[in-house]
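Student: I'd like to go through this structure with you. Can we take it piece by piece?

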Amino acid sequence: MSATVRVSTHLHSYTGGESTVEAEGSTLAELMADLDRRFPGLRFRVIDEQDHIRPHINVFVRRALVRDLKSPISPGDDVLILGALSGG
Amino acid sequence: MPTRAKKPARAARKPAPGKTPARRSPARPRRTTIEIFVATIKGAFVLKGDGARRSWSVGNPYFLGSETNHLVRDPRDRKTLLLAARTGHLGPTVFRSLDGGNAWQEARLPPAFPKAPEGQTGPVVQRTFFLTSGHASQPGVWWAGTVPHALFRSEDGGATWEHVSQFSRYVAGLKEQKPANIGETPGGAITHSILIDPRNPSHVYVSLSTGGFFETTDAGRNWRPINGGSSADFLPEKFPEYGQDPHCVVMSPANPDRIYQQNHCGVYRLDRPGVQWDRIGRNLPSAVGDIGFPIVAHPRKQDVLWVFPMDGTSVWPRTSPEGKPAVFCSRNGGASWTRQAKGFPQSNGWFTVFRQAMKSDWQDPVGLYLGTTAGEVWASRDEGGSWELIASHLPRILSIEVADKARS
């Protein structure tokens, strides 16, 4: 069973305009890898080459802010990937 | 009269990955000869000029909202475009168009450092700052300079990028020896002015802000600094082996052994194989000084160049001295300079022009173009003799490139 991932408008050019997509994985790292398979290029825009979530991207799992790619994902989880507060 | 940018096209409902919303074709003047690629902090724009360089149109933005540092057309095929972009939220990447800007694809492997071993911290590319096509004999080769200091190279037209690790190791060694001499500007530790010797693809120059001017003759494996005679007033040692802050360095298209540099601390000329820079900016009027960001070399005459001085006194406003914008031209390799201000505001013109935002075309007489941080593009059809505003109300301009059918 997959997680439901909601992405902000910043990423709609990758998701074909969709704000809600499905992805699979037992950790956030696996989920992001699956998202990148489905939507090539998306992962690097939100996760840097050292596997850190970029500073102005916020990821919420079950409404809790997470910064660690090892964070567990459970089937049916609601995951939010949001661009936040990057200036004028 | 300045040409206003048209309103952006309405966003497509489902834009494809890496693409901007659908764009309307701008009204194009007949016989487009010159295209000016204007990269701004909110997207990239193309200005199209007619054969007389009198009529200009401004196209709709590419990647509206993205910080676009550099938009470059490949002079080898005259249609491939590479664009360095990021947004406040999303990481840096490179977009490619193989058809002159109609369709864009994102690089499959954008410039990025290798992942550090577990438990160690590694660098992160913050932005690709500088792009240049490779040597004419190496189609598909591109070079990129990033923030933080690093070089990347592509052999497939910008689709995938490889870290030039030897350069990073070299710079890390320099920093270990003298930590203050490899530093950051407010915009980060910038890698720029990647110059390819047209006689030898393995001979490349690179500049670091801050760090200085460096050369490789074996395609990037080994490096050496060439900074003799250029000063670093912000360091205890005024003339260090390295540590200077070159703002913009250009190779004369007429003579690849003639190098001009606009530095944080002056305007310089270097004649290879010499290794000693000559501060030709000392010949500028002392009331103007020789501080600035861009520098432009004439496409056919090695002794002709232009600078755009800015105020480097007191707290360094970095605006046109006394609010009177002017280009200065030398026709004798920097021995003397002529002020060129016709058409610019005569007062209250507080222009700032960034290091990559002034370029020439290849016409005769040469056209010059500069973009300001206030979103204006100014042009001269007569080698700086007179200037006119050809576009305004654009976002802050980070760089300008000129594509010219006359380029040989």
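Student: Let's start with strand 13 of chain B. Why is it largely enclosed by the rest of the structure?
Tutor: Strand 13 of chain B (residues 190-196) has six of its seven residues buried, so the rest of the structure largely encloses it. Buried means 20 or more other C-beta atoms within 10 Å of the residue's own; exposed means 12 or fewer, partly exposed is in between, and C-beta atoms are placed from the backbone. Strands here are DSSP runs of E, at least two residues; helices are runs of H or I, at least four; both are numbered from the N terminus.

Student: Before we go on, what kind of model is this?
Tutor: This is a predicted model: local features need pLDDT of at least 70, side-chain atom pairs count only at pLDDT 80 or more, and totals for chains, interfaces and linings use all residues. Residues are numbered from 1 along each chain as its sequence is written, while chains are lettered from A and ligands numbered from 1 in the order in which they are written.

Student: Back to strand 13 of chain B. In which sense does it pair with strand 14 of chain B?
Tutor: Antiparallel, over five bridges. Pairing requires that DSSP finds at least two bridges between two strands. B:His192 has B:Ser207 in strand 14 of chain B as its bridge partner.

Student: How many helices and strands are in chain B?
Tutor: One helix and 28 strands. The radius of gyration of chain B is 20 Å, close to the 22 Å from the globule rule for 408 residues, so chain B is as compact as a globular protein of that length. That radius is taken over C-alpha atoms, and the rule is 2.2 Å times the number of residues to the power 0.38. Buried residues make up 51% of the 408.

Student: Which strands form the open sheet?
Tutor: Its order is 4-3-2-28 in chain B, with antiparallel pairing. Strand 4 (56-58) and strand 28 (397-404) stand at the edges with a single partner strand each, so one side of each has no neighbour in the sheet. Inside the sheet, seven bridges join strand 2 (residues 34-40) to strand 3 (residues 43-49) of chain B. There, B:Ile34 stands opposite B:Gly49 in strand 3.

Student: Now helix 1 of chain B. Which residues are buried?
Tutor: B:Phe167, B:Val171 and B:Leu174 are buried in helix 1 of chain B. Seen down the axis, the buried residues fall within an arc of 55 degrees, so they line one face of the helix. The arc is that of the directions from the helix axis to the C-beta atoms.

Student: And what sits on the other side of helix 1 of chain B?
Tutor: B:Arg169, B:Gly173, B:Glu176 and B:Gln177, which are exposed. The buried residues pack against strand 11 (150-154) of chain B.

Student: New topic. Which peptide bonds are cis?
Tutor: One is B:Val147 to B:Pro148, with omega near 0 degrees. B:Pro148 is in the loop between strand 10 (142-147) and strand 11 of chain B. Another is B:Arg272 to B:Pro273, with omega near 10 degrees.

Student: What about phi of B:Arg53?
Tutor: Near 60 degrees, a positive value in a residue other than glycine. B:Arg53 is in the loop between strand 3 and strand 4 of chain B. B:Arg53 counts as buried, with 20 C-beta neighbours inside 10 Å.

Student: Last one: why does B:Arg224 count as exposed?
Tutor: Because B:Arg224 has 12 C-beta neighbours inside 10 Å. B:Arg224 is in strand 16 (residues 224-225) of chain B.

Conventions
Contact = placed C-beta atoms within 7 Å.
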